[in-house]
Amino acid sequence: MKRARIIGTGSYLPEKILTNHDLEQTLDTSDSWIVTRTGIRERRIAAEGENTSDLAAKAGAKALEMAGVKPDEVDLIVVGTITGDFPWPATACMVQQKLGCSNAFAFDLSAACSGFVYALTTAGKYLESGTAKRALVIGAEVISRILDWEDRNTCVLFGDAAGAVVLEAQEGESGLLSSHLHSDGKYWDLLYQPGFGAVHPPTSQAMEERLQYLKMQGSEVFKVAVRMLSEVAQEALAAHDLSSEAIKLFIPHQANMRILEATAKRVGFAPEQVYINVDRLGNTSGATIPVALDEANRLGMLNEGDLILLDAFGGGFTWGASLVRW
Ligand code: ACO
């Protein structure tokens, strides 16, 4: 059976580091409040003029280089993002142009913080079916542009980044073993961007009401996130009759440390099985999982045959887990 195997990873972080102490200068907040509640110490912020497609293309180029795949050998590009360069066309088309992937078809996928796991699953199906042989799958966000920097409830939590993988259809035991995706639209308004879609077009009144910025009911999101992240991780393990000890590395969506720790505890992962970078990067939405995967890969933490569990949760609500054999 053909599987979608990860043959290269890459990531890109904007240069600018914004620390909690920097935020103390402009907001009624403190380093200790942010660290205690979220575990976040600093995050990256894209430079003026640096857009999601720029971050995505840089992460993608690194993944292609590691994989030894030339741009024109890519058949498909999927970008998971909620902060694309424009409402349309797809940021994936700009990435295609920037990288010179002239033979690829390209589209974006909107599943908020679950965007990468949804995109990986979707690309995996094209490879398993034989429609494409190689895919570039990217999670990329410049979420700093949709944050209300006057709202301490939300702006301290997020950061900008991009991560990418190159998938190749291969026979054998390694690759994407299964994905388990879910959505529940009854929660759509707990975490969303009210403007500037069709409901609230970009009028001056919408701007005055600050509708262009991300809105979140944090404690409600927290409760559902921990439950869904744990349940879907357990669902993925059960589908393969595995216990948590069988997993070499658990890579949960890096929303905040308390969500990560509560989820890992519920599923039964030891701290050394869990990859964490939320302290350095904050919540980068669709980019958290591919950035973490690339960091772990480049640190030499992954060996052939290792089982890796990716676990995502985001606006919609959407959530999902993917089990990968390295
Ligand atoms: N600095 C100082 N005080 C703050 C800050 C801040 N940055 N933000 C909020 N507060 C205040 C609030 O105003 C409130 O004050 P009040 O009691 O005087 O009204 C107080 O702190 C407590 O606020 P709560 O919202 O009850 O704090 P809570 O313990 O729930 O923590 C947090 C807030 C960290 C947002 C938490 O709810 C959380 O982690 N939620 C998950 C949200 C998340 O991670 N979303 C990311 C997107 S979804 C995802 O990726 C899974």
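A salt bridge here is a side-chain nitrogen of Lys or Arg within 4 Å of a carboxyl oxygen of Asp or Glu. By this rule the count comes to 14 salt bridges. The model you are looking at is predicted, so local features need pLDDT of at least 70 and side-chain atom pairs count only at pLDDT 80 or more, while totals for chains, interfaces and linings use all residues. Residues are numbered from 1 along each chain as its sequence is written, and side-chain values use heavy atoms, with hydrogens and water left out.

**View 1. Two domains side by side.** The protein chain is divided into domain 1 (2–171) and domain 2 (177–325), with bounds that come from an automatic or database domain assignment. Taken over C-alpha atoms, the centres of domain 1 and domain 2 are 14 Å apart. Domain 1 brings 48 residues to the contact and domain 2 brings 45 residues, where contact means heavy atoms within 4.5 Å. About 3,700 Å² is buried between domain 1 and domain 2, and carbon and sulfur atoms give 61% of that area. Buried area is the accessible area (1.4 Å probe) that two parts lose on being put together, summed over both. In domain 1, the residues losing the most area to domain 2 are Cys-113, Val-117 and Tyr-118, together 16% of what that side buries.

View 2. Between domain 1 and domain 2 the rule finds three salt bridges. Take a look at Arg-5 and Glu-304: this pair forms a salt bridge, and the closest N and O atoms are 3.7 Å apart.

**View 3. Around the ligand.** Of the 23 residues around the ligand, those that come nearest are Thr-29, Arg-37, His-253, Asn-256 and Asn-283; a residue is near if one of its heavy atoms lies within 4 Å of the molecule or strand in question. A polar side-chain atom of Arg-37 is 2.4 Å from an oxygen atom of the ligand. For Asn-256, a side-chain N or O atom lies 2.5 Å from a ligand oxygen atom. Ser-219 takes part through its backbone, with an N or O atom 3.4 Å from an oxygen atom of the ligand.

View 4. Arg-134 and Glu-168 form a salt bridge in which the closest N and O atoms are 2.7 Å apart. Arg-134 belongs to strand S6 and Glu-168 to strand S7, so the pair ties together parts that are 34 residues apart in sequence. Helices (H or I, at least four residues) and strands (E, at least two) are DSSP runs, numbered from the N terminus.

View 5. Trp-88 and Pro-89 are joined by a cis peptide bond with omega about 5°, and Pro-89 sits in the loop between strand S4 (76–80) and helix H4 (91–99). Another cis peptide bond runs from Gly-316 to Phe-317, with omega near -15°. Phe-317 is found in the loop between strand S12 (307–314) and strand S13 (318–325). Finally, Asp-241 has a positive phi of about 55° although it is not a glycine; Asp-241 lies in the loop between helix H8 (218–239) and strand S11 (249–252).

Terms used
A polar contact is a pair of N or O atoms within 3.5 Å; within protein, one must be able to donate a hydrogen and the other to accept it, and residues adjacent in sequence count only if both atoms are side-chain atoms.
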